[in-house]
Amino acid sequence: MLRLALIGAGRMGRSHLAALAGSPTVTVTAIVDPIGAADLEVPVYPDIATLCKAGGFDAALVAAPTRFHVTVVRELAAAGIPTLCEKPCGLVPDDARAIRDAVAAGGIAFRVGYWRRHVPELQALATRIAAGELGQIQLVVCYHWDVEPPPAAFRDPRSSGGILVDVAVHELDMMAWLTGSAVTSMTYEPGGVSWHPPVEGDPENAAALVRLASGCLGLVTMGRRWPDGDHQRVEVVGTDGVVTLPFGVGPAGDARIRAALRAQAEDFARLVAGGSSVSATIDDALAALTATAH
Ligand SMILES: NC(=O)c1ccc[n+]([C@@H]2O[C@H](COP(=O)([O-])OP(=O)(O)OC[C@H]3O[C@@H](n4cnc5c(N)ncnc54)[C@H](O)[C@@H]3O)[C@@H](O)[C@H]2O)c1
């Protein structure tokens, strides 16, 4: 059993907690959160130094706000703690490079939480593409729309990166992973329809046009409100076949995400035990952040 310390018990930290309940190989035995988490039945510490003094954990799962990813991972790496960090691993490519350096200096096992890599239907699609079943891939279209926006404090681009960094990185990583081809350029257009008081640097919706090294085009549409519920879907257009996969839609989508979060943590436990991992590396995270900076 890998004993995880959860760093950050907000929206995503609690999603991880729910997903890991009942896992046979991973359990959360400690939490670090400066504002506390009194409702959770796990020891809660205000900072990583206090956590390290208390002990009782083997590795860390970071779900602190993105603006803290560099400082948190640096502290964990310096203490030699294997770490699974939520995407995007910092706000800009230099943050991911700083994390890569800290991980190398600490010699720790490290992976990034791009959970789509643990969705069986997406894994099967990646395998079909790699086997050439769809022919040459001409176009990948991704939809990533939430039912409603996160709190304004989260949306602040200085904290989350705004929609381009916070949301598009999922799709950029997925396009590169599914097709086996790196993103070489991206242009981005914020949408003009807004129904909230605007959050500076975080439009309500946006689209990005992507080019992959293979010549394949990518289109990402993303938004803060899809009236029918969360909507995450990918369409792959090959020369010999087309696949449309609504992997994050409705109750089945919620269940799929929970299962993927659990599979991701269990994959990390295998890595810490000396086995292999199919999760995203810091180089994958750096590639996605670099694409947002084009
Ligand atoms: N993979 C996904 O699908 C997905 C979805 C949502 C969020 N995320 C990622 O998860 C991270 C957290 O997002 P969120 O929506 O949970 O944010 P949030 O604001 O809801 O929660 C963050 C929590 O971290 C705590 N915190 C702040 N500073 C901390 C520190 N230094 N150490 C430990 N805890 C600290 C806060 O008190 C808060 O409880 C972000 O990096 C985000 O990109 C990933």
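Strand β1 (residues 2–7) and strand β2 (residues 26–32) run parallel and are joined over six bridges; strands are DSSP E runs of at least two residues, numbered from the N terminus, and two of them pair if DSSP finds at least two bridges between them. Within this pairing, Leu4 stands opposite Val28 of β2. The model is predicted: local features need pLDDT of at least 70 and side-chain atom pairs count only at pLDDT 80 or more, whereas totals for chains, interfaces and linings use all residues. Residues are numbered from 1 along each chain as its sequence is written, and side-chain values use heavy atoms, with hydrogens and water left out.

Both strands belong to an open sheet of six strands in the order β3-β2-β1-β4-β5-β6, with parallel pairing. Its edge strands, β3 (44–45) and β6 (110–113), each pair on one side only.

Around the ligand there are 24 residues, of which Arg11, Met12, Asp33, Thr66 and Trp115 come nearest; a residue is counted here if one of its heavy atoms lies within 4 Å of the ligand.

| Residue | Protein atom | Distance to ligand oxygen |
|---|---|---|
| Gly10 | polar backbone atom | 3.5 Å |
| Thr66 | polar side-chain atom | 2.8 Å |
| Trp115 | side-chain N or O atom | 2.9 Å |

Taken alone, the ligand exposes 850 Å², and the protein buries 82% of that (Shrake-Rupley method, 1.4 Å probe).

A search of the whole structure finds zero disulfides, defined as pairs of cysteine sulfur atoms within 2.5 Å. The sulfur of Cys142 has its closest cysteine sulfur in Cys216, at 9.8 Å, which is too far for a bond.

Notes. Helix = DSSP H or I, 4+ residues; strand = E, 2+ residues; numbered from the N terminus. Polar contact = N/O pair within 3.5 Å; in protein donor to acceptor, adjacent residues only side chain to side chain.
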